[in-house]
Amino acid sequence: MALTLQKTVEIAPGVHMPQLGFGVYASPTSICERSVKHALLHAGFRHIDSALYYENEPQVGTAIKASGIPRDQIFVTTKILAPPANDPSGEKLWDLLNEAVRRFGLDYVDLFLIHTPTSGPEARLKMWKALEMLKKSGKTRAIGVSNFGVKHLEELAAASSTKPAVNQIELHPWCQQKDIVNYCKKNGITVEAYCPLTRGTKFDDPTLTELVYSTLKDPAQILLRWSLQKGFVPLPKSDTPFRIDADADLFDFELTDAQMALLDGLDRGAKGAIDNNPVNAP
Ligand SMILES: NC(=O)c1ccc[n+]([C@@H]2O[C@H](COP(=O)([O-])OP(=O)(O)OC[C@H]3O[C@@H](n4cnc5c(N)ncnc54)[C@H](OP(=O)(O)O)[C@@H]3O)[C@@H](O)[C@H]2O)c1
């Protein structure tokens, strides 16, 4: 199927996620609403990736409502880090999950993720069970994980019959996390790519620069195109209007197999990660 801005991936039965998303990590509350509105109304994004940790869900929700775009045409993700300690009844956790949705001012989110595996095996499972309940309650349409390594995914598969719809991990040519990607592919888990632009840290890489000259596209567009052609769901972030537009303007060119191979050859494994990438947490 041809890549378009409208292309979606079915992450769970009947749940279709646009393959290109817009990230809002570190988007300040004073700017976030404007950026999301621009992403929706000017650039054409229909998928916003947020988190409790980002503390800008109210701004995301306000932008969605102000856009006038029907709620069911916009895909919204949130994430939560760890369950509250000393909460054997799970009551605080339940309240926190509901509050995480309420913070958007929306009736539901489309996807709710465990943000990292760092809370340990017991807390991970507790969180997963609570998310299963949240899905049943209709407050989220799908549930998934983030920063999970193969070990964490296997542990979850052994403990629950509910498969995570997605695993959101750091993913770009310098950090390809092939073991995790292969596990997800084999098990029907959609892979979302965070830091798809390497936060700009690799824009002067000589191989990427070579591709800038041969495609006449900017480094960000080449990295996003690589991600889409790999079948990932990239989540670029920007608070700059012309960059927001550029990050959605990816569908009038295609990287050739040879150009994809050049980028494939840049993998540096764990050393290539720019975030703290907690996929090896115990
Ligand atoms: N699950 C997790 O643990 C996790 C971790 C990290 C990120 N994420 C998600 O993934 C999203 C993306 O990751 P990220 O924000 O860390 O990094 P990123 O998208 O790789 O890079 C964002 C940076 O690139 C710049 N930029 C954007 N478009 C550009 C363009 N066309 N040309 C030049 N520079 C451009 C932005 O600058 P300006 O804003 O100044 O334009 C910003 O500084 C996050 O927002 C978040 O939703 C998830």
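The model is predicted: local features need pLDDT of at least 70, side-chain atom pairs count only at pLDDT 80 or more, and totals for chains, interfaces and linings use all residues. Residues are numbered from 1 along each chain as its sequence is written, and side-chain values use heavy atoms, without hydrogens and water.

Around the ligand are 27 residues, of which Asp 49, Arg 199, Lys 237, Ser 238 and Thr 240 come nearest. This shell comprises 11 nonpolar, eight polar and eight charged residues. Polar contacts (pairs of N or O atoms within 3.5 Å) include these:

| Residue atom | Ligand atom | Distance |
|---|---|---|
| Ser 146, polar side-chain atom | nitrogen | 2.8 Å |
| Cys 195, backbone N or O atom | oxygen | 3.2 Å |
| Arg 199, polar side-chain atom | oxygen | 2.7 Å |

The protein covers 87% of the 910 Å² of accessible area that the ligand has on its own (Shrake-Rupley method, 1.4 Å probe).

An unreviewed UniProt entry places the feature "domain: NADP-dependent oxidoreductase" at residues 36-267.

Terms used: A residue is near a molecule or strand if one of its heavy atoms lies within 4 Å of it. A polar contact is a pair of N or O atoms within 3.5 Å; within protein, one must be able to donate a hydrogen and the other to accept it, and residues adjacent in sequence count only if both atoms are side-chain atoms. Ala, Val, Leu, Ile, Met, Phe, Trp, Tyr, Cys and Pro count as nonpolar, Asp, Glu, Lys and Arg as charged, and the others, Gly among them, as polar. UniProt positions are given in the numbering used here, feature names are shortened, and annotations may be inferred rather than shown by experiment.
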